[in-house]
Amino acid sequence: MRQILPENPKQIVFSGGGLRCFWQGGFMQELEKTRHFKPARITGVSGGALAGAAWLGGIEDRLLQVMCARFEEQDSNINLFEDDDSGLTPHQTLYCEVVSEALDDAVQSKIADGPQFQILIAHPPDPLPPALSGAAMTLAYEAELHIKNAPHFDWAEKMGLDYSLVDANKAARERVLDDLVCAAAVIPPVFKPPHWDGRPVVDGGMADQAPMPEPDEGETLILLTRDYKRLPDDDSRYYVHPGSETPADKIDFTDPAKLLETWKMGAADAKRILRE
């Protein structure tokens, strides 16, 4: 993989990866010390939608602090004895609470007036219940991910998955960016599929882990959260990834120390790539 940074990318893509996306926060924060990117277009998918929003809003540190504080209160990834509507696991409720706190009105106003920001969401096929068909899409995604080992794939699409890039600037102007970011990171059956524009939504990462913006023009910095064996041969795309597996698990919401270690790994990888 070409671990090279473009001087001034016109586009930045924040790939998915759940909590591994905190690597992106540490990576970009370190880069900002010496390079001040001003891209025209940004895309995000799954956890990368939150990472991209935090970078655009300038709240990476705040997001890290809020998430770590919530993890300190969480001692299990299972809701065995909870008498509420949060489901079998606490993930969706906790994640959406953190997103709403981090992406307040001031942050959404800043993003609304910033560069083009698009978030990839996906829709499970009809006529099966969204949770059931979404779970089937999850299985297809996981299978293709491990067999093809590439960030771009299409098995779930062939099974009926529909997807689209949503105008996140518009969502921010309407003060629903937090809802959109939450909708972008829905993994059935752990998460319950919400609705966006009247349609059920599942994680856009099942369609593409590194969605290119529309339009797709110019050099692009693509922030992956894992090392892939197969990447497109495109001289305008600069794929970067963690130097090793991140300490943070994709959906382990109980260990703030691993979140901090993942952030620090991102910063260390940025220094390494700049050095090289």
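Asp 197 sits in the loop between strand S5 (195–196) and strand S6 (199–200). The model is a predicted one. In it, Asp 197 has a positive phi of about 55 degrees, although it is not a glycine. Most residues other than glycine have a negative phi. Asp 197 is exposed, with a relative accessible area of 71%. The cut-off for exposed is over 50%, so a value of 71% qualifies.

Arg 175 is another residue with a positive phi that is not glycine; its value is near 60 degrees. Arg 175 lies in the loop between helix H8 (168–173) and helix H9 (177–183).

Now the chain as a whole. The chain contains 10 helices and 9 strands. It has 276 residues, and buried residues make up 56% of them. The chain exposes about 12,200 Å², of which carbon and sulfur atoms supply 50%. Among contacts with a separation of 6 or more, 77% join residues 24 or more positions apart.

Phe 117 belongs to strand S3 (residues 116–123). Phe 117 and Thr 43 are 74 residues apart in sequence, yet their C-alpha atoms are 5.7 Å apart. Phe 117 is buried, with a relative accessible area of 0%. Glu 7 lies in the segment before strand S1 (11–14). Glu 7 and His 36 are 29 residues apart in sequence and 9.6 Å apart in space, C-alpha to C-alpha. Leaving aside residues up to four places away in sequence, Glu 7 touches Arg 35 and Phe 37. Glu 7 is exposed, with a relative accessible area of 62%.

Next, the helices. Two packed helices are described by the angle between their axes and the distance between the axes. Take helix H2 (residues 47–57) and helix H5 (residues 105–112): their axes come within 9 Å and cross at roughly 85 degrees. H2 and H5 are therefore roughly perpendicular to each other. H2 contributes Ala 53, Leu 56 and Gly 57 to the contact, while H5 contributes Val 107, Lys 110 and Ile 111. These residues divide into 4 nonpolar, 1 polar and 1 charged.

H2 is mostly covered. Of its 11 residues, 11 are buried. Among them are Gly 47, Gly 48, Ala 49, Leu 50 and Trp 55. The buried set also includes Ala 53, Leu 56 and Gly 57, which take part in the contact with H5. Gly 58 follows H2, and its phi is positive, near 70 degrees.

Helix H3 (residues 60–72) and helix H10 (residues 256–275) pack at an angle of about 155 degrees, with their axes 8 Å apart. That makes H3 roughly antiparallel to H10. Which residues of H3 and H10 meet? On the H3 side they are Glu 60, Asp 61, Leu 64, Met 67, Cys 68, Phe 71 and Glu 72. On the H10 side they are Pro 256, Leu 259, Leu 260 and Trp 263. The contact of H3 with H10 divides into 8 nonpolar, no polar and 3 charged residues.

The last stop is the loop between strand S7 (202–203) and strand S8 (220–223), where Gln 209 is found. Is Gln 209 buried or exposed? Gln 209 is buried, with a relative accessible area of 4%. A polar atom of the Gln 209 side chain lies 3.2 Å from the backbone nitrogen of Gly 16. The Gln 209 side chain also reaches the backbone oxygen of Gly 205, at 3.4 Å.

Pro 215 is found in the loop between S7 and S8 too. The peptide bond from Glu 214 to Pro 215 is cis, with omega near 0 degrees. Most peptide bonds are trans.

Technical notes
Residues are numbered from 1 along each chain as its sequence is written. This is a predicted model: local features need pLDDT of at least 70, side-chain atom pairs count only at pLDDT 80 or more; totals for chains, interfaces and linings use all residues. Side-chain values use heavy atoms; hydrogens and water are left out. Helices (H or I, at least four residues) and strands (E, at least two) are DSSP runs, numbered from the N terminus. Buried means under 20% relative accessible area, exposed over 50%, partly exposed in between (1.4 Å probe, protein chains only). Contact means heavy atoms within 4.5 Å. Accessible areas come from the Shrake-Rupley method with a 1.4 Å probe; for residues, only the protein chains shown count as cover. A polar contact is a pair of N or O atoms within 3.5 Å; within protein, one must be able to donate a hydrogen and the other to accept it, and residues adjacent in sequence count only if both atoms are side-chain atoms. Axes are lines fitted to C-alpha atoms, for helices over the stretch in contact, and angles run from 0 to 180 degrees between N-to-C directions. Angles under 35 degrees count as roughly parallel, over 145 as roughly antiparallel, 65 to 115 as roughly perpendicular and the rest as oblique. Ala, Val, Leu, Ile, Met, Phe, Trp, Tyr, Cys and Pro count as nonpolar, Asp, Glu, Lys and Arg as charged, and the others, Gly among them, as polar.
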